[in-house]
Amino acid sequence: MKITYGNMDIIDERLAVIQPLSKFWYEGKVAGIDVLRLDLLHPVISGNKWYKLRLNLGYALDNGFKKVVTLGGGYSNHLVATACAAKRFGLTSVGIVRGDESLMTPTLQQCRDFGMELKFVSREDYTNRHDTQWVISLTGNSSDTYYVPEGGANERGRAGAGLLTRFVNPTYTHIALAVGTGTTLAGLRGKLATDQQVLGYVPMKKCVEQEQYISSFVAPDKQKPWRLIPDSNFGGFGKWNNKLTDFMNDFHRENSIPLDLIYTGKMMYLLNQALQNNEFSTCDRILCIHSGGLQGNTTVKQLLTY
Ligand SMILES: *Cc1c(COP(=O)(O)O)cnc(C)c1O
């Protein structure tokens, strides 16, 4: 389906194809693995970010807001996706960034190129990020400003992620996706009316916060099963080594699918470990959601073959 707003074409959802992995990648371990290529939707408003933003920005436009404000760190896919999408929707945008301006990154530069006004705040001030009034007050004129929380983690974000169910056919036994805030998982799990197991790969050592966040919307049970798998290989969020980039290069050579360093690379790495440890049954069929994020690979471009 083509998503239009007024007379604007925003995103063509038909670009999100489902691509099977090469057979040798899973043969003898499971019956099949497909990848939902949300990364193909758009180079910047890619992946799950579009789903979390679309109802938020649509609401802002319909209700006469002129400006959106959101928050993130220097490498945030959410921040740059919001900057780009807001521009397309004809809204101005403000990004509240954790840290000071000396931390200017390619991602933040791109935000500026899309017209986003950046405001840097200290780590200490940033702990107020869930205080809507505080965030809006940073933008000056408050009455026409719409607040999108960090990571698009609100009800409209979850509802947008719930729309991903249209890609999930009932023959899959497992849906695998990468987890940051847990918004995408919570939204999808909530709307998925089947007992398909949802596996959330968390690119961090711990996932207590995400467990709590997701549980507050969907309690894990037999009707709506989900679980989180934290990463114990790479030492924390944003941390990586050559084992990961080598894996990503191999994966690309074998499947012609580029992965991102922060989320989907680690998800596939962990999924591969689980396959090698025979954690699945040979009848299982897995749908992996490629949630995009490829813009973040610029920092390791020289180590990647794609
Ligand atoms: C933001 C992001 C995620 C995490 O999404 P949540 O809804 O916050 O859990 C996963 N993958 C990629 C590529 C992302 O950019």
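How far apart do the C-alpha centres of domain 1 and domain 2 lie? In this predicted model, the distance between the two centres comes out at 26 Å. The protein chain splits into domain 1, made of 13-44 + 158-303, and domain 2, which covers 48-152. The two domains do touch: 22 residues of domain 1 are in contact with 20 residues of domain 2.

That brings us to the ligand. Both domain 1 and domain 2 give residues to the shell around the ligand, so the ligand lies between them. In total, 15 residues surround the ligand, and the closest are K49, N77, T181, T184 and S291. As for the make-up of this shell, three residues are nonpolar, 10 are polar and two are charged.

From the side chain of K52, an N or O atom sits 2.8 Å from an oxygen atom of the ligand. Backbone atoms take part too: a polar backbone atom of G180 is 2.7 Å from a ligand oxygen, and for G182 a backbone N or O atom is found 2.9 Å from an oxygen atom of the ligand. Taken alone, the ligand would expose 390 Å², and the protein buries 97% of that. Of the elements, α1 provides the largest share, with three residues.

And α7 itself, how many of its nine residues are buried? Seven of them are, so to speak, under cover, and the helix is mostly covered. The buried residues of α7 are T183, T184, L185, A186, G187, L188 and R189. One of these, T184, is also among the residues closest to the ligand.

Away from the ligand, a couple of backbone angles deserve a look. Most residues other than glycine have a negative phi. S256 is placed in the loop between α9 (242-255) and α10 (264-276). Is S256 buried or exposed? Its relative accessibility is 51%, so S256 counts as exposed, the cut-off being over 50%.

N278 is another such case: though not a glycine, N278 has a positive phi of about 55°. The loop that holds N278 runs between α10 and β12 (285-290). With a relative accessible area of 53%, N278 is exposed.

Key
Residues are numbered from 1 along each chain as its sequence is written. This is a predicted model: local features need pLDDT of at least 70, side-chain atom pairs count only at pLDDT 80 or more; totals for chains, interfaces and linings use all residues. Side-chain values use heavy atoms; hydrogens and water are left out. A residue is near a molecule or strand if one of its heavy atoms lies within 4 Å of it. A polar contact is a pair of N or O atoms within 3.5 Å; within protein, one must be able to donate a hydrogen and the other to accept it, and residues adjacent in sequence count only if both atoms are side-chain atoms. Accessible areas come from the Shrake-Rupley method with a 1.4 Å probe; for residues, only the protein chains shown count as cover. Helices (H or I, at least four residues) and strands (E, at least two) are DSSP runs, numbered from the N terminus. Ala, Val, Leu, Ile, Met, Phe, Trp, Tyr, Cys and Pro count as nonpolar, Asp, Glu, Lys and Arg as charged, and the others, Gly among them, as polar. Domain bounds come from an automatic or database domain assignment. Buried means under 20% relative accessible area, exposed over 50%, partly exposed in between (1.4 Å probe, protein chains only). Contact means heavy atoms within 4.5 Å.
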